[in-house]
Amino acid sequence: MPPLEHLPDDVLIHLFTFLSISEILTIRQTCKRFMTLSKLHVVWHHACISHILNQGFPFPPVSIEHLQPTDLERLTRHAYSLGQFWCSPASTARPRSSVKFSASSGMPVSDVRFIPSHPGWLITVSKGIWSVITCWDVGPSLHGPARKLAEWSPKGAVFTAVTVNSDPEHKHAMLAVSTVFPNEQRVDLLRVRPGTHDDGSTSSFECLATISSSFKALNLCGDLLAIGDDMNEVHIINWLTGDMAVLLGTDEPSESNFQHNRCLQIHFSPRSIFVVRARSFEAFSIPTLTSPESITEPYHPIARHRFGWIDGVAVAQGYSSSVIGAEDDPQPAVSIVLRAESDDPWSSDKHTLDLYHLPEAAEAEPPDLSDVQTPESPYVFPPLHHASLPSARGHLRCKDISLGSHGTALWIQPRPSRNTDLTGFDVHASDVVQGQGVQGQSKKKEELLVATVFPGRMKSRNEGMIEEEEGVLRTLWAIEDVSMNWTSMDYDEAGGVVALGDSHGKVEVLLLVP
């Protein structure tokens, strides 16, 4: 057989398809020719499909065919590092770097959100005499200190809800803010406008549109804004044209049950809109938007389910790898992770986080559920319970749960809810003790950032590597100061980055891989 350097380029490129990502990076260092060939788009296109997409590793929802070779290599190598992180033993998986900065002067950070259209940008919300929204640049690799870009704080305003634009390609409205003034309630659509100003900042917030409404902004995707009340009504609005639709839930509003069924999330899927409330989970058909004057009837749920009292919830659309060229395994169309809360104050401290799957109607034969399912529903109701993970009751200011489309999930594990030091023996204490069911957790009474990989493509394709015991979580970070709590959290699965805001006005950003 002739030496490798004597083989034609097309043969060498074909041989590269049999190499792992680490082997490609090694062989490129042997000579200039291999270096040049290893940078070709075709090499990384095959590597991305074989070693990333088919393995279920987190990857951005982009078409790899249209990426530049350098960008495709960068994203593939980053996704490979993330896959190795999630496949590593739970006891060794720790963030590789972090940056911490003060976002407010001692006031809690009530919300923290990454901006999908601007990697490395972060929005924080703090509430003092009046509310403040700040945009920060922490950089995609957390190199250097956080830099304040812009600040928005209308005099007398209180922010009741903030949502960022989930469309990474949308460059106009970055976020929607529900704002309460002494004599007015409205939703403002904002973006950060580049520029140089006298105060030394490089950018400023610009208000693109204002919608007069007392409803809370709960989702913004491209030009579509979803706002909801705390009873049973949701408005879907094209904020550019003003066209809208009204979604009306089945629970009748009344003064006695105000906030009894408050809206927690509104999720856009390709075939339905899901409205998640404290006491209900409802699916609506995709509405046709018209001018407000033309609306004659609201849209009603086509399917619904009750989980009980929902304390925290995350809804994620299954990752559709077939769009960008990978094998297409049958995956649940929608995944739901929730933490239910008991109405009984004397109930056990035992808690669970439960995973449910909501498959498309074409993927599974629906059971005989004529009382809850209609022929119009594109999804099989009720959601199918798939897994449970241990948790515990306790004081928790950040109830957020983050669930990625590839099955990774993060949330805050509370400190124990009761202190046995008061009595020496607590007859009501749960058998869920601090440290049980969590890898790498110390015996201190800390709040913990915990994570897991739920069943899905990544876990099924890497069973030999993801060897977590049943019900065992991995600890990513801990907050040791007993006077401090985490108050907000956000997670970018494909970017491998987590942001945590605390009660003392600090923000910590964690990078899972270099």
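User: Which residues does His-78 touch, not counting residues up to four places away in sequence?

Analyst: His-78 lies in helix 5 (residues 69-87), where helices (H or I, at least four residues) and strands (E, at least two) are DSSP runs numbered from the N terminus. This is a predicted model, in which local features need pLDDT of at least 70 and side-chain atom pairs count only at pLDDT 80 or more, while totals for chains, interfaces and linings use all residues. Residues are numbered from 1 along each chain as its sequence is written, and side-chain values use heavy atoms, with hydrogens and water left out. With contact meaning heavy atoms within 4.5 Å, and leaving out residues up to four places away in sequence, His-78 touches Ala-494, Gly-495, Gly-496, Val-513 and Pro-514.

User: Which backbone oxygen does the side chain of His-78 reach, and how far apart in space are His-78 and Gly-496, C-alpha to C-alpha?

Analyst: A polar contact is a pair of N or O atoms within 3.5 Å; within protein, one must be able to donate a hydrogen and the other to accept it, and residues adjacent in sequence count only if both atoms are side-chain atoms. The side chain of His-78 reaches the backbone oxygen of Gly-495 at 3.4 Å. His-78 and Gly-496 are 418 residues apart in sequence, and their C-alpha separation is 8.8 Å.

User: Is His-78 buried, partly exposed or exposed?

Analyst: Buried means under 20% relative accessible area, exposed over 50%, and partly exposed in between (1.4 Å probe, protein chains only). The relative accessibility of His-78 is 22%, so His-78 counts as partly exposed.

User: Which residues touch the most other members of the largest nonpolar core?

Analyst: A nonpolar core is a set of buried Ala, Val, Leu, Ile, Met, Phe, Trp, Tyr and Cys residues joined through side-chain atoms within 4.5 Å. The largest such core has 49 residues, and those touching the most other members are Phe-59, Trp-86, Leu-449, Val-498 and Leu-512. Apart from this core lies another, of 20 residues, among them Val-125, Cys-135, Val-177 and Phe-205. For Leu-512, contacts beyond four places in sequence include Leu-82, Trp-86, Tyr-491, Gly-496 and Val-498.

User: In what sense do strand 15 and strand 16 pair, and which residue is the bridge partner of Ile-273?

Analyst: Two strands pair if DSSP finds at least two bridges between them. Strand 15 and strand 16 have four bridges, in the antiparallel sense, and a hairpin joins the two through three residues. The bridge partner of Ile-273 in strand 16 is Phe-284.

User: How many aromatic pairs does a search of the whole structure find, and which residues do ring pairs link into a cluster?

Analyst: Rings of Phe, Tyr and Trp (its six-membered ring) pair if their centres lie within 6.5 Å; planes under 30 degrees apart count as stacked, over 60 as edge-to-face and the rest as tilted. The search finds nine pairs, including the stacked pair of Trp-152 and Phe-159, with 5.5 Å centre to centre and 5 degrees between the planes. Ring pairs link a cluster of Phe-274, Phe-281, Phe-307, Tyr-356, Tyr-379 and Phe-381.

User: Which residues does a cis peptide bond join, and where is the proline found?

Analyst: The bond has an omega of about 0 degrees and joins Phe-381 and Pro-382. Pro-382 is found in the loop between strand 20 (350-358) and strand 21 (384-392).

User: What pLDDT does the chain average, and where does pLDDT stay under 50?

Analyst: pLDDT is the predictor's confidence in each residue, from 0 to 100. The chain averages 83, and 81% of the residues score at least 70. pLDDT stays under 50 over residues 364-375. Another stretch below 50 is residues 419-437.
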